[in-house]
Amino acid sequence: MSAQQPRCLVFLNQKGGVGKTTSAVNVAHALVRSGHRVLGLDLDPQGHFAASMGIEGLDPGLDDVFFKGVAINDRAQQARDGLLLVPPGPRLPEVEQMSGGRERGWILANALEQIGGGFDFVIIDCPPSSGLLAINALLATDDVIMPVSCDYLALEGLAGLMRTLMRVEQGLHISRNKFVLVTRFNGQRRLPREVRGKLEEYFPGQVLRTAIRDNVSLAEAPGFGQTVFEYRADSNGAKDYAALAEDIRHRRVLEPAEVNG
């Protein structure tokens, strides 16, 4: 893959607390651990992607890409062997108020075209909104991955997000692969099983095969600036994200017969 443009994955949900950043961080590291070169972009002004990797979010980063036209490679920092990461930068929130026309939405896509063939994957962590930053991510990506936790309110939120994405795609004349990622799953409880079944019913062929089980290690690891593989490699969280990375790599989704399995 490295001789070609990298495959771009965007982790997006307008609702917070669904494991969006946790998923971006651990999928990125899982891909690196399986031999891929990865570029991470922290497009959320809160900077949690960078912080979870132990990188301070105060350095100039993607804000310089948007406002000064600086090359992405020039703002990338070494996060792990095989993983470079661009922090948000202090001015990134101002992007939402940028003046200009439709070309504002293509800034990130144009910048990514210049990074060359040194990466296999680009992973973008988006803010929990549908503003200009999210539009830039959508226009730059191949696949949109939408984490959703196992409760009915999250299910309703996902339906709203899907409608928003469809409107954006129609308005911009684009089409993206869209996948649902089930997080905070407890197969011993009825509600999570029901929600997972509803997701497959409402979004057939779009639910990724591996559900991320509820696991305390996933919550604890960012406090140490570590991924779950570094914090507790034998945990269910590490096992699930390793499997999920393979699902994403091969675009493996849940088949109807597997939903209640």
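Because the model is predicted, local features require pLDDT of at least 70 and side-chain atom pairs count only at pLDDT 80 or more, whereas totals for chains, interfaces and linings use all residues. Residues are numbered from 1 along each chain as its sequence is written, and side-chain values use heavy atoms, with hydrogens and water left out.

Helices (H or I, at least four residues) and strands (E, at least two) are DSSP runs, numbered from the N terminus. Seven strands form an open sheet with mixed pairing, in the order 3-4-2-5-1-6-7; two strands pair if DSSP finds at least two bridges between them. Strand 3 (77-80) and strand 7 (177-183) are the edge strands, each pairing on one side only. From one strand to the next, the twist averages 25 degrees. Angles run from 0 to 180 degrees between N-to-C directions, and axes are lines fitted to C-alpha atoms, for helices over the stretch in contact.

Strand 5 (residues 121-125) is mostly covered, five of its five residues being buried (under 20% relative accessible area with a 1.4 Å probe, protein chains only). In a regular strand the side chains alternate between the two faces of the sheet. In strand 5, Phe121, Ile123 and Asp125 lie on one side and Val122 and Ile124 on the other, and all are buried. Strand 5 pairs in the parallel sense with strand 1 (residues 7-11) over five bridges, with cysteine 8 as the bridge partner of valine 122. Strand 2 (residues 38-42) also pairs with strand 5 in the parallel sense over five bridges. Here valine 38 stands opposite phenylalanine 121, and aspartate 42 is the bridge partner of aspartate 125.

Helix 1 (residues 20-33) lies across strands that include strand 5, to which helix 1 runs at about 165 degrees. Helix 10 (residues 236-250) lies across strand 1, strand 5, strand 6 and strand 7, running at about 125 degrees to strand 1.

The axes of helix 6 (residues 152-172) and helix 7 (residues 190-202) come within 10 Å and cross at roughly 15 degrees. Helix 6 is therefore roughly parallel to helix 7 (angles under 35 degrees). The contact (heavy atoms within 4.5 Å) is made by Tyr152, Leu155 and Leu158 of helix 6 and by Leu191, Glu194, Val195, Lys198, Leu199 and Tyr202 of helix 7.

Technical notes
Buried < 20%, exposed > 50% of the residue type's maximum accessible area, 1.4 Å probe, protein only. Parallel < 35°, antiparallel > 145°, perpendicular 65-115°, else oblique.
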